[in-house]
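Let's take a walk through the nonpolar cores and the salt bridges of this one. Have the sequence and the model open as you read.

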Amino acid sequence: MPITLPDPFYYLQNFQRVLDWIAQRYSDLLADDERNFIEQFPTLPQASRALLVRMVMRKGEVFRSGKLRYAEIGCPDAAVTPLLALGWIVQNPSLNVTQLFALLRKAELALAFRYSAAASTARKHEMLEELAQAFPDSQPMTRWAPELAESIYAVQVTALCERLRLMFFGNLYQDWSEFVLSDLGIYRYEVVEFSETSRGFRSRQDIDDYLHLHHCRQRFDEGEYLDEILPDIPTVPYANSWLEGRRNKLLFRFAQEYERCNELDSALALYRNCNYAGARVRTIRVLEKSGAEAEAYALAMTAWQQAESETEQQALLRMLPRLRRKAGHAKVLADKAPAIEELSLSLPYPALPASVEQVVQAHYSSAEAPVFYVENALINTLFGLLCWPAVFAALPGAFFHPFHLGPVDLHHPDFVQKRQDLFDVCLAQLDDGRYQQTIMNTFHAKTNIQSPFVFWSTVDEELLKLALHCIPAAHLKKYFERILRDIPANRSGLPDLIQFWPQEQRYRMLEVKGPGDRLQDNQIRWINYCIAHQMPVAVTYVQWSEQTA
């Protein structure tokens, strides 16, 4: 049975809430058409406002009246009249063949184009390919299908409403459904304090720049040639560090595509001028591919002196011996990698569908030593619960609407630095024993509130208590310190399973690898870190003793 909200106009209230929020916080950044829209919208009849919001929230911009029937709105042709007068909706617009196919059913298309019975058996996409070439011009529905007894309406304010949505959320991946999911209690969000100036954009130019980069990204995703898109990417860095990060990420993706196509000169030019994480390593690799081994070696040595991250350091460890040899330098003995404890299992192939991790979990688990399939969930959850006040601190620029999954600057290089004192206070509880009570209190007080670290569906109270009983505080502190060292990289790569011995108050982490599988780089980094700090970890390699037919 579908879940419904008591007020049938809930979506209209949510839309008006956005307009009010923007009017309060962005009045100085609004364009004339946006300001006029915000002022005029509340003056319209309720049915007209509701119809427009329904159309704006649906996919596409062109609709047939028969598909706009909502019980709370009534007749769409009556509700649309004030919207037509304002020009926010246009009646019977010109349509191209692609738009026509999105509106009409196959039988209606066959009638409109006088398809024979045999021809009408073709698939709809085959009909579109044929007719798009035969009918390149646009015309109203009254010309395409005069027998259709419905009006066609086209929304003219979609781009405007998208800009308003962007101003509210600060991004275009969150949409109007956030309100509904929150109203239904499916998603809960942490309540943070907002100042009157809490907003994601500081200037009108920021909004325009975001939309420009978004459009360039769309063109790339749709397969447009990079040589046509690249001139539209600004070469001068943005003053806004957040937008500059988006620009660098896009340049990095373009460079990767050039490299994939073996256009090494183009890739190298972009990598050299890109500050996105990993660009320096890619520059070294492309130099090597291009035969510039001496330059690649020199850059690798410079990077080694001040690696940007453990990820880069790991890559350089693999590259330097080869580059050193190619550049004619003497071989340098590398430090011996720490010995990883390896376990081997030969197990029957599961009769019922199950992952290799689940099979190993069942094999090792017992009443005295239960095993849980946690992967990244457990350690991140413990960290997120202990450090909740630091993560959700209402610092300037961290939160600017009520539906944040986490702080906007979570992956920014200075995220931890700006909150260092707050994180220090949280981690200090691991030294005096208060951490257990704090974690359990937060677990109960914040249950199911969205967090970038807490896995509510995986970690229940039983698992939490076992973890706090068996994992020493000193180990937790080491796990948490590494997460804080590089949040984007170190939230993943943790071992698949954890086993507890409650009577002995100890545990061990277990990474599981099935036949032909191998350790990934981020997993190796976590395992080596655990070994370096005497935290119990092992890798289990599985072979199947029998195969299904």
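A nonpolar core here is a set of buried Ala, Val, Leu, Ile, Met, Phe, Trp, Tyr and Cys residues joined through side-chain atoms within 4.5 Å. As for burial, buried means under 20% relative accessible area, exposed means over 50%, and partly exposed is in between (1.4 Å probe, protein chains only). Keep in mind that this is a predicted model, where local features need pLDDT of at least 70 and side-chain atom pairs count only at pLDDT 80 or more, while totals for chains, interfaces and linings use all residues. Residues are numbered from 1 along each chain as its sequence is written, and side-chain values use heavy atoms, with hydrogens and water left out.

**The cores**

The largest nonpolar core takes in 83 residues, and Ile-22, Phe-37, Phe-41, Leu-52 and Leu-164 have the most contacts inside it. Helix H14 supplies the largest share of this core, eight residues; helices (H or I, at least four residues) are DSSP runs, numbered from the N terminus. Zoom in on Leu-52: leaving aside residues up to four places away in sequence, Leu-52 touches Phe-37, Phe-41, Leu-83, Trp-88, Ile-89, Val-155 and Val-157, where contact means heavy atoms within 4.5 Å.

**The salt bridges**

Side chains of opposite charge can pair when their charged atoms come close. Counting a salt bridge as a side-chain nitrogen of Lys or Arg within 4 Å of a carboxyl oxygen of Asp or Glu, the structure holds 36 of them.

| Pair | N to O distance |
|---|---|
| Glu-34 and Arg-163 | 2.5 Å |
| Asp-221 and Arg-253 | 3.6 Å |
| Glu-310 and Arg-485 | 2.6 Å |

Now for Asp-221 and Arg-253, which meet in a salt bridge. Asp-221 is in helix H12 (residues 204-221) and Arg-253 in helix H14 (residues 241-260), so parts 32 residues apart in sequence are tied together. Asp-221 is partly exposed at 46% relative accessibility, and Arg-253 is partly exposed at 27%.

Last up are Glu-310 and Arg-485, joined by a salt bridge. Helix H18 (residues 310-326) holds Glu-310 and helix H26 (residues 473-485) holds Arg-485, so the pair connects parts 175 residues apart in sequence. Glu-310 is partly exposed, at 22% relative accessible area.

Note on methods:
Helix = DSSP H or I, 4+ residues; strand = E, 2+ residues; numbered from the N terminus.
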